[in-house]
Amino acid sequence: MLKRKRHTRSKQKPKRTRYSNSKLGYVYILKLIISDKEICYKVGYSNNPYRRINEYPFKCEMLYVFESTQSIAYKYEQMIHNNYTYYKYIPSIKFSGYTETYITIVGLKLLRDKMVCVFESEVKE
């Protein structure tokens, strides 16, 4: 009688994520001025938030930048998007990230409590 060879599970590698616990990540809030009558706010995550200003085809102002590790920053950015869908806004001009825009700024207390504010605009809404 032939013995069946037992298959043992190989050790699984830990799940890889693109967000590091040691590198910095940022949650930013931009004020987008699409036209004289259309203003909205974009909440996003980036490793370099200041380059975002040049990516839009209209005027925008950086209002806030919060800093933490990449994994924490990404987690809080996602939490804002999930919890504040009531304020969601779809701008008349579509652009990369237009689904992450809002009619008002929300969630700042949570971000201030959990992350370091590294930039705050002098002009506040």
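Helices (H or I, at least four residues) and strands (E, at least two) are taken as DSSP runs and numbered from the N terminus. The exercises below use a predicted model.

**Exercise 1. Find the salt bridges and describe the residues that form them.**

Step 1. Opposite charges on side chains can pair when the charged atoms come close. The cut-off here is 4 Å between a side-chain nitrogen of Lys or Arg and a carboxyl oxygen of Asp or Glu.

Step 2. The count under this rule is two salt bridges.

Step 3. One of them joins E100 to K42, with 2.7 Å between the closest N and O atoms. This pair links distant parts of the chain: E100 is in the loop between α1 and β4, K42 is in strand β2, and 58 residues separate them.

Step 4. K42 is buried because its relative accessible area is 3%. E100 is at 22% and therefore counts as partly exposed.

Step 5. R51 and E55 form a salt bridge too, their closest N and O atoms being 3.2 Å apart. R51 has a relative accessible area of 41%, so R51 is partly exposed. E55, at 42%, counts as partly exposed.

**Exercise 2. Describe the aromatic pairs Y50 with F119 and Y84 with Y87, giving the geometry of each.**

Step 1. Searching the whole structure gives eight aromatic pairs.

Step 2. Y50 and F119 make an edge-to-face pair, with 6.4 Å from centre to centre and 90° between the planes. The two residues come from distant parts of the chain: Y50 from the loop between β2 (38-46) and β3 (59-69), F119 from strand β5, 69 residues apart.

Step 3. Y50 has 41% relative accessibility and so counts as partly exposed. F119 is partly exposed because its relative accessible area is 30%.

Step 4. Y84 and Y87 make a tilted pair, at 6.3 Å centre to centre and 35° between the planes. Y84 is at 24% relative accessibility and Y87 at 28%, so each counts as partly exposed.

**Exercise 3. Summarise burial, surface and contacts for the chain.**

Step 1. Of the 125 residues in the chain, 38% are buried.

Step 2. The chain has an accessible surface of about 9100 Å², and carbon and sulfur atoms account for 49% of that area.

Step 3. Taking contacts between residues at least 6 apart in sequence, 66% join residues at least 24 apart.

Note on methods. Residues numbered from 1 in each chain as written. Predicted model: local features only at pLDDT ≥ 70, side-chain atom pairs only at ≥ 80, totals over all residues. Heavy atoms only, no water. Phe/Tyr/Trp six-rings, centres within 6.5 Å; stacked < 30°, edge-to-face > 60°. Buried < 20%, exposed > 50% of the residue type's maximum accessible area, 1.4 Å probe, protein only. Contact = heavy atoms within 4.5 Å. Areas by Shrake-Rupley, 256 points an atom, 1.4 Å probe, with all protein chains shown as cover.
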